Amino acid sequence: MIKPLYPCLWYDGNAKQAAEYYCSIFKSSKITAENPMVVTFELNGFKFMGLNGGPHYKFSPATSFVVECDTQEEIDYYWETLGDGGIYNQCGWLDDKFGMSWQIIPAVLPKLMSDPEKGPRVIQAFMQMTKFDIAALENA
């Protein structure tokens, strides 16, 4: 296969609105093509297709996009912007105003969780969080 895989996201007539919203949040992002049925866009160099498929299917947390953040400021930014008008969930998960699930996580999380001594405390700490707090995880 020569071309990379990319997801097709099913919307109820508002695919362009969603693409514009996501492109406004992620730097180096743009809409690359559009017609009444689909809009293609790139977020940080990754291609997506938004399909105006109608009300038949909805997003669920079974599929989510992970935003790995290096700093607390990045976590705060993506948490607030993607979560605006949506629903905040536990453990860094949120559903944006279009219903898409996102995980806003610190890049250091896998390292902290893999520490045999500290890992269980880190897991216990983040299970109590909605938005991740890097300092609290590092101090767990």
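This is a predicted model: local features need pLDDT of at least 70, side-chain atom pairs count only at pLDDT 80 or more; totals for chains, interfaces and linings use all residues.
Residues are numbered from 1 along each chain as its sequence is written, and side-chain values use heavy atoms, with hydrogens and water left out.

**View 1. The protein chain contains 5 helices and 8 strands.** Helices (H or I, at least four residues) and strands (E, at least two) are DSSP runs numbered from the N terminus, and along the sequence they follow the pattern β-α-β-β-β-β-α-β-β-β-α-α-α. Taken along the principal axes, the C-alpha atoms fill a box of roughly 55 × 35 × 25 Å. Among contacts (heavy atoms within 4.5 Å) between residues at least 6 apart in sequence, 53% join residues at least 24 apart.

**View 2. Strands β2 and β3 are joined by a hairpin through 3 residues.** Strand β2 (residues 30–34) and strand β3 (residues 38–43) run antiparallel and are joined by 4 bridges, where pairing requires that DSSP finds at least two bridges between two strands. Within this pair, Glu34 stands opposite Val39 in β3.

**View 3. An open sheet of 4 strands has the order β5-β8-β7-β6, with mixed pairing.** The edge strands are β5 and β6 (87–88), each of which pairs on one side only. Helix α2 (residues 72–83) packs on the sheet and touches β5, β6, β7 and β8, its direction making about 170° with that of β8; axes here are lines fitted to C-alpha atoms, for helices over the stretch in contact, and angles run from 0 to 180 degrees between N-to-C directions. Strand β7 (residues 93–95) pairs with strand β8 (residues 101–106) in the antiparallel sense over 3 bridges, and Leu94 stands opposite Trp102 in β8.

**View 4. Phe65 lies in strand β5.** Phe65 counts as buried because its relative accessible area is 17%. Leaving aside neighbours within four places in sequence, Phe65 is in contact with Pro7, Leu9, Phe48, Met100, Ser101, Trp102 and Gln103. Asp84, by comparison, is 19 residues from Phe65 in sequence and 16 Å from it in space, C-alpha to C-alpha.

**View 5. The largest pocket holds about 230 Å³ of space.** On a 1 Å grid over the protein atoms alone, a pocket is an open set of points where a 1.4 Å probe fits, with protein on both sides within 12 Å along at least five of seven lines, and lining residues have an atom within 4 Å of a point. Grid points are joined across faces, edges and corners, and the volume is the space filled by probe spheres set on the points. The lining includes Phe26, Leu43, Phe65, Tyr78 and Trp102. The elements giving two or more residues to this lining are β4 (46–52) and β5 (64–69), and β5 gives the most, with 4 residues. The lining divides into 9 nonpolar, 1 polar and 1 charged.

**View 6. The second largest pocket has a volume of about 180 Å³.** Lys3, Pro4, Leu5, Tyr6, Pro7, Gly45, Phe46, Lys47 and Phe48 line this pocket. These residues divide into 6 nonpolar, 1 polar and 2 charged, with Ala, Val, Leu, Ile, Met, Phe, Trp, Tyr, Cys and Pro counted as nonpolar, Asp, Glu, Lys and Arg as charged, and the others, Gly among them, as polar.

Terms used:
Buried means under 20% relative accessible area, exposed over 50%, partly exposed in between (1.4 Å probe, protein chains only).
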